[in-house]
Amino acid sequence: MASTTLPLLLLHLLLLAACLDWARSDRPATSFYQNYEGSWGGDRIQILNKETEASLFMDKASGSGFGSKLKYGSGFFHMKIKLPGKNSAGVVTAFYLASDSTNHAELDFEFLGNLEGKPIILQTNVFANGKGNREQRIRLWFDPSADLHDYKILWNTNQIVFYVDDTPIRVFANKENIGVGYPSQPMQIIASLWNGDSWATDGGKTKVDWSYAPFNAIFQGFDVDGCVSVSSHDAHCSSPSLWWNSARYQQLSASEKSAYQNVRRTYMTYDYCNDVKRFPNPPPECPQ
């Protein structure tokens, strides 16, 4: 029985991925300038290939970044990214959503560079009502500096799901009913490349080797599936008429749950929920 179940789950995932890829590939490539603009770094941001690719650079003087022109209250956001190669220790490549309000909200992908031959670590984090410290880290099952991969964030009123390509790697469920904060403020989409060598690699012990500069990360996929919003708890952003709010996206499918559990078993290297030194009493959103 087990020998047939795994291939069937894999087939289901492949079919789902094909459908999502078809839906996106059916669209013409979106110009960077339609939804995004440079934020910082000056000429360290280069827009290439008929405005369908953004190339960010980091040298000793500065990194660089760009952000969406609008803010969103829900959606299924994505960015195709190719990370800096070779010796990228201390270099952080980020793709995230963030509010600019007092009660800060943020959903993070942070790729922590490493010495050549050592794995780049993917860290995710969730901030809600100004509270973060919810880091999880995984090893990726491929070299993220060798090619573009699609990194995605599903955000609706029921759950937040982080995906690598079509594999869910993290789920943050809405548990406001037990007092856990949940992002509800409009957030901007942001991408950046910056010097994080005070903490990113070996806890800050391994610094950036500037002989490898400038470091370069490539971004593609500037279409946005999101609900434009200007205020918290925007009712129209939770409408079931928006496809990412439909029943299909209220929980993981059976095949997604299987893939997610495999990531946790095989590739997770750190989960704040298991860090008893930091949290002697597990945070309420964690398994008790």
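In this predicted model, the second largest pocket has a volume of about 290 Å³. Its lining comprises 15 residues, of which Gln136, Val171, Cys273, Glu285 and Pro287 are the closest to the pocket centre. Strand E11 (167-173) and helix H3 (254-266) each supply at least two residues of this lining, and E11 gives the most, with four residues. The classes represented in the lining of the second largest pocket are set out here.

| Class in the pocket lining | Number of residues |
|---|---|
| Nonpolar | seven residues |
| Polar | three residues |

When neighbours within four places in sequence are left aside, Phe219 is in contact with residues including Thr52, Leu56, Phe66, Met79, Ile81, Thr93 and Ala191.

As for the chain as a whole, it holds three helices and 15 strands. Its radius of gyration is 19 Å, close to the 19 Å that the globule rule gives for 288 residues, so the chain is as compact as a globular protein of that length. Along the principal axes, the C-alpha atoms fill a box of roughly 50 × 45 × 45 Å. Buried residues make up 51% of the 288 residues, and, among contacts with a separation of 6 or more, 66% are between residues 24 or more positions apart.

Definitions and conventions: Residues are numbered from 1 along each chain as its sequence is written. This is a predicted model: local features need pLDDT of at least 70, side-chain atom pairs count only at pLDDT 80 or more; totals for chains, interfaces and linings use all residues. Side-chain values use heavy atoms; hydrogens and water are left out. Contact means heavy atoms within 4.5 Å. On a 1 Å grid over the protein atoms alone, a cavity is a set of points where a 1.4 Å probe fits but cannot get out, and a pocket is an open set with protein on both sides within 12 Å along at least five of seven lines; lining residues have an atom within 4 Å of a point. Grid points are joined across faces, edges and corners, and a volume is the space filled by probe spheres set on the points. Ala, Val, Leu, Ile, Met, Phe, Trp, Tyr, Cys and Pro count as nonpolar, Asp, Glu, Lys and Arg as charged, and the others, Gly among them, as polar. The radius of gyration is taken over C-alpha atoms; the globule rule is 2.2 Å times the number of residues to the power 0.38. Buried means under 20% relative accessible area, exposed over 50%, partly exposed in between (1.4 Å probe, protein chains only).
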